[in-house]
Number of protein chains: 4
Amino acid sequence: MSFPTPLRGVIPPVITPLTAAGEVDTASLRRLSEHLITAGVHGLFLLGSSGETAYLTDAQRLTALETAVDTAAGRVPVLAGVIDTTTARVLDRAADAVRAGADALVATAPFYTRTHKVEIADHFRRIRAGADLPLFAYDIPAAVHTKLPRDIVLDLASDGTLAGLKDSSGDEGSLRRLMPELRRLPNGFSVLTGSELTVDGALLAGADGVVPGLGNVDAHGYVRLYEAARAGDWAAARAEQDRLAALFSLTDAGDPALMGPSSSALGAFKAAAQLQGLIDCAATAAPQVPLDDAAVERVRGCLVTAGLL
Amino acid sequence: MSFPTPLRGVIPPVITPLTAAGEVDTASLRRLSEHLITAGVHGLFLLGSSGETAYLTDAQRLTALETAVDTAAGRVPVLAGVIDTTTARVLDRAADAVRAGADALVATAPFYTRTHKVEIADHFRRIRAGADLPLFAYDIPAAVHTKLPRDIVLDLASDGTLAGLKDSSGDEGSLRRLMPELRRLPNGFSVLTGSELTVDGALLAGADGVVPGLGNVDAHGYVRLYEAARAGDWAAARAEQDRLAALFSLTDAGDPALMGPSSSALGAFKAAAQLQGLIDCAATAAPQVPLDDAAVERVRGCLVTAGLL
Amino acid sequence: MSFPTPLRGVIPPVITPLTAAGEVDTASLRRLSEHLITAGVHGLFLLGSSGETAYLTDAQRLTALETAVDTAAGRVPVLAGVIDTTTARVLDRAADAVRAGADALVATAPFYTRTHKVEIADHFRRIRAGADLPLFAYDIPAAVHTKLPRDIVLDLASDGTLAGLKDSSGDEGSLRRLMPELRRLPNGFSVLTGSELTVDGALLAGADGVVPGLGNVDAHGYVRLYEAARAGDWAAARAEQDRLAALFSLTDAGDPALMGPSSSALGAFKAAAQLQGLIDCAATAAPQVPLDDAAVERVRGCLVTAGLL
Amino acid sequence: MSFPTPLRGVIPPVITPLTAAGEVDTASLRRLSEHLITAGVHGLFLLGSSGETAYLTDAQRLTALETAVDTAAGRVPVLAGVIDTTTARVLDRAADAVRAGADALVATAPFYTRTHKVEIADHFRRIRAGADLPLFAYDIPAAVHTKLPRDIVLDLASDGTLAGLKDSSGDEGSLRRLMPELRRLPNGFSVLTGSELTVDGALLAGADGVVPGLGNVDAHGYVRLYEAARAGDWAAARAEQDRLAALFSLTDAGDPALMGPSSSALGAFKAAAQLQGLIDCAATAAPQVPLDDAAVERVRGCLVTAGLL
């Protein structure tokens with residue numbers, strides 16, 4: 001397939017179903033991917049934070065990516081997270097992604113290391129030069145502990161290094177300052193928000209699409225929200241977003257005395273997918289604390305309230 | 001005047017004009033306040049971050065507040081920042097604000113200290129009990145280094161401690177989760193965003209108003225944005241926000257080798273007000289580095305581009 | 001008295017005893033101060049973090065300081081914290097301290113605001129110029145959220161702005177790089193560590209003294225530690241430090257489900273002082289959560305283990 | 001060789017020499033390792049932060065580790081960093097290290113992810129269970145953005161999961177509270193400080209050894225410091241530490257307008273090793289900004305001052 005320029009729409013960061021033994025459950029991943037495509041999503045993003053990429057071995061990452069590419073079969077593009085500490089390691093991940101048939105790559109700034117902004121720019125340029133696929137920058141300070149500077153993003157968009165930005169920074173103000181300048185570029189740069197709770201506002205502001213973790217749980221809702229926004233029906237977009245924001249409370253299902261917010265959210269996405277029959281097993285990767293039965297019941301309650309069960 | 005419930009609209013955080021000698025320039029503050037009221041703002045917020053409150057002595061704070069109250073003369077409510085480290089000190093500031101005739105108080109969580117969320121809740125309850133004015137919580141983690149927890153805000157809204165929230169956290173997703181619950185309360189709780197770059201999205205999401213530092217520079221723009229949103233004309237609201245986001249680049253006027261982003265922004269607001277004739281002198285309080293001539297020229301350029309000069 | 005140059009020895013950051021009603025208990029403060037002086041401390045530091053200065057009104061600060069100055073009666077110097085957000089406000093606090101008879105001032109970098117390093121240097125210079133007392137810089141990033149840059153400290157020491165540094169940054173490596181350069185200065189600059197758990201190492205490295213919060217609980221211990229180090233008996237210094245490090249576990253007395261570490265530590269210092277009969281009431285200032293009975297028993301256990309009860 | 005229990009002494013985190021083309025320069029690594037062993041170090045730590053491990057591919061890591069193991073030839077133990085985001089990935093790195101013949105493993109807490117303390121403990125237990133080598137915890141909040149909680153370290157030391165701790169947290173106070181409890185354990189737990197500027201104080205406090213990045217530049221200095229401390233000659237230890245703290249200023253060689261502190265420090269260690277003839281090429285891994293000629297001259301100046309050139 002030719003990669004859309006710019007990429008637009010709902011591109012869920014697909015969770016990676018695991019068996020109870022901790023291996024990638026390819027049958028469940030096929031079923032889930034098929035469900036998402038049928039629901040009308042415009043792409044699949046594999047091996048992002050919601051995909052537990054940081055918990056998967058290279059072999060598991062490859063398996064998950066190949067499975068999604070095979071299932072998508074060219075109907076929607078498959079973006080592959082190539083998450084590793086610095087350039088040379090990311091290029092190894094990118095080589096795997098190319099081999100698996102991904103349509104685009106999504107890379108973060110370096111992490112673990114402390115990196116200067118000049119080095120961050122060089123990092124993306126070397127990745128683009130070393131892997132022949134469209135490259136998205138993944139701005140996720142909660143994970144990498146640096147925010148991509150606006151001027152770096154603009155430079156890398158202008159010179160064609162980046163095909164787009166997945167903005168999970170939560171810094172909507174910074175993005176608002178950046179978007180008008182990005183829209184002025186000739187080459188169809190794609191701005192995707194990863195802030196799944198403020199998609200209506202992001203689309204109003206001119207974002208091209210959204211990468212919502214919660215889209216694993218309610219893909220139809222995000223597709224409706226996107227379509228309403230495209231049609232200029234902002235009241236409908238807002239109502240859908242309000243509904244999805246309420247549904248998002250399932251991420252608080254885990255007992256905070258027993259586990260952190262990240263394990264709670266990832267566990268809840270998987271529990272919700274299992275309760276809806278989209279995957280077989282809700283296990284998350286070690287060493288994450290699993291949701292207990294009471295937490296799963298809270299997830300079920302959220303799904304019932306949202307009309308998903 | 002009876003205080004609006006909920007408070008709605010554009011409530012600029014008024015800058016505090018200073019003389020070259022560093023004293024409050026009351027004549028300029030009167031002129032600026034009159035200008036803002038004439039432009040159609042719905043309230044004045046004195047002694048916030050844009051008002052350089054952290055740089056003003058108690059005597060200067062009192063002077064500025066009295067001047068604004070006298071100028072407003074009941075036409076719009078005057079909210080007073082009561083910014084100090086912890087409860088007893090805030091109550092001293094609140095007593096000053098009551099004496100000056102403020103219509104409402106705006107207090108942050110404790111700072112300098114490390115404070116538990118139970119203590120933050122107690123802090124606001126003691127302020128409300130100790131000062132007979134409507135109380136707004138000011139959520140500004142960039143200054144106080146804690147984010148107001150959602151459950152605390154909801155508790156304090158439910159029990160009547162708080163009349164509203166000024167949210168300068170930049171965490172739009174968290175606010176989106178909170179707003180539906182706040183709207184369910186019977187008592188007219190007011191949500192004001194301090195994120196001046198995403199006002200269209202915040203109003204779409206249900207915020208009651210905005211406290212824009214940039215409103216000192218272009219009050220008419222924010223009033224237009226607010227009115228467009230109230231009328232449901234989201235395309236117009238977005239266009240106005242885009243224009244204001246571009247204007248916001250004046251905050252980058254200062255040379256980053258010489259000064260920090262905060263001094264640059266406060267200096268630019270004041271330079272822009274002076275260039276428009278709203279105040280006499282653009283001096284900021286010590287020890288802030290002042291804008292140099294080149295920076296002031298950059299501010300002028302932004303105003304010209306925006307059609308304000 | 002003529003102020004020691006450099007200031008050396010044990011200078012406890014004196015807690016501020018309060019009555020149950022929340023007022024400064026001057027009788028207890030006299031008793032505690034007398035106890036400390038008798039134990040051999042080399043100065044008193046009033047209105048620091050251990051003194052709950054952020055929780056005290058200006059009037060309460062003045063009362064506490066006057067009481068300590070009167071009790072010291074020139075036997076040891078009294079240093080006064082002048083803790084406020086920025087320069088003009090600190091100068092107001094400094095004027096109070098001068099009036100109360102303090103022998104030196106201790107000021108932090110600006111807080112609440114975001115401040116450039118050039119502004120931090122200017123801040124200290126303006127304080128020194130505006131108040132005719134020796135000035136110590138208080139490096140406490142946990143409270144003010146900036147670390148004093150090494151080059152700024154060195155500049156301000158070299159030009160005579162600062163008489164000394166109270167280093168509560170916990171960054172012993174940075175201090176180790178700074179000390180040889182400070183020792184080269186002709187004017188007797190004083191380096192005091194606020195890291196009460198590593199005093200032996202700090203004195204070995206050349207620090208002049210220590211400002212230990214735990215010195216409110218065991219002043220004799222810190223005096224013995226200091227004297228051992230002065231005598232070059234590092235084995236004895238280390239053994240005393242080990243004992244004091246074990247005693248420090250009283251700061252964990254509070255239940256972390258109910259309160260934060262700061263309230264627990266301040267509450268424990270006061271409970272320990274009360275249990276030893278040094279003050280009448282262990283109340284901490286609002287809105288801090290008080291220690292419950294079980295926590296006070298844990299404090300008592302620590303004192304018994306340390307041979308202090 | 002049987003692994004020392006506890007491991008004691010100077011264990012430099014060996015830099016990874018690279019060719020100009022970016023490949024591991026095994027000849028230089030052999031020469032450097034031989035130099036360090038001859039200087040009297042007590043172990044080699046490969047693939048730590050100073051070893052640029054985050055910049056090396058898995059293949060490069062394996063090459064570097066095999067080279068060091070072969071050079072050491074059982075004369076000193078070789079510890080291998082197994083640095084990756086979470087458990088399953090670390091176990092893949094551990095399998096490589098076992099294959100290469102490492103004597104012990106050094107692992108951090110999970111990073112990129114947000115991890116609960118219960119999960120951190122489980123992470124180390126799973127690594128220990130999955131790899132049959134002594135395991136050291138590497139506490140490096142600057143890289144992984146969590147501090148290892150004291151109670152977790154104590155639990156993992158008590159149950160035999162951990163053979164030791166490499167503490168690069170810079171939190172000497174926390175370590176001081178922990179060490180007496182660790183010393184009480186029967187099984188010879190090893191505490192190694194990574195804070196190369198305060199080694200005298202750490203050894204005075206009871207640490208077993210040091211992992212100094214600067215040891216790549218002046219191994220003899222750290223061996224002398226360690227031996228002086230073992231002999232109780234604290235004046236000599238302090239003097240040596242002062243000399244090494246002054247030498248450490250070479251890490252500031254890079255122009256801060258052009259590069260960050262991490263690239264400056266790693267570049268300076270390599271430049272200093274090259275200037276001393278220990279390695280052939282001072283190149284650091286991409287995308288780090290290299291030192292320019294002026295910076296290398298500053299490094300040379302530091303070496304001359306320290307008597308190393």
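Y138(A) touches F45(A), G48(A), S49(A), I83(A), V106(A), A107(A), T108(A), A109(A), K166(A), S168(A) and Y112(D), leaving out residues up to four places away in sequence; contact here means heavy atoms within 4.5 Å. This is a predicted model, in which local features need pLDDT of at least 70, side-chain atom pairs count only at pLDDT 80 or more, and totals for chains, interfaces and linings use all residues. Residues are numbered from 1 along each chain as its sequence is written, chains are lettered from A and ligands numbered from 1 in the order in which they are written, and side-chain values use heavy atoms, with hydrogens and water left out.

**The annotated spot in chain A**

- The UniProt record, an unreviewed entry, places the feature "active site" at Y138(A) and K166(A); such positions follow the numbering used here, feature names are shortened, and annotations may be inferred rather than shown by experiment.
- These residues span 29 residues in sequence, yet no two of their C-alpha atoms are more than 4.8 Å apart, so they gather at one spot.
- You can find Y138(A) in strand β5 (residues 135-139) of chain A, while K166(A) sits in strand β6 (residues 164-167) of that chain; helices (H or I, at least four residues) and strands (E, at least two) are DSSP runs, numbered from the N terminus.
- Y138(A) counts as buried because its relative accessibility is 3%, and K166(A) counts as buried at 5%; buried means under 20% relative accessible area, exposed over 50%, and partly exposed in between (1.4 Å probe, protein chains only).
- The side chain of Y138(A) makes a polar contact with the side chain of S49(A) at 3.0 Å. A polar contact is a pair of N or O atoms within 3.5 Å; within protein, one must be able to donate a hydrogen and the other to accept it, and residues adjacent in sequence count only if both atoms are side-chain atoms.
- Outside four places in sequence, K166(A) touches F45(A), A137(A), Y138(A), D139(A), L192(A), G194(A) and V211(A).

**How chains A and B are related**

- A rotation of 180 degrees with 0.0 Å of shift along its axis superposes chain A on chain B, with an RMSD of 0.0 Å. That is the relation of a two-fold axis. Copies are superposed by least squares on the C-alpha atoms of residues with pLDDT of at least 70 in both.
- In chain A, the C-alpha nearest the axis belongs to G201(A), 2.1 Å from it.

**Where chains A and B meet**

- On each side of this pairing, 23 residues of chain A are in contact with 23 residues of chain B.
- About 2000 Å² is buried between chain A and chain B, and carbon and sulfur atoms give 53% of that; buried area is the accessible area (1.4 Å probe) that two parts lose on being put together, summed over both.
- There are 10 salt bridges between chain A and chain B, each a side-chain nitrogen of Lys or Arg within 4 Å of a carboxyl oxygen of Asp or Glu.
- One of them joins D200(A) to R176(B), with the closest N and O atoms 2.8 Å apart.
- R176(B) lies in helix α7 (residues 172-183) of chain B and is buried, at 2% relative accessibility.
- Beyond four places in sequence, the contacts of R176(B) include L197(A), T198(A), D200(A) and R238(A).
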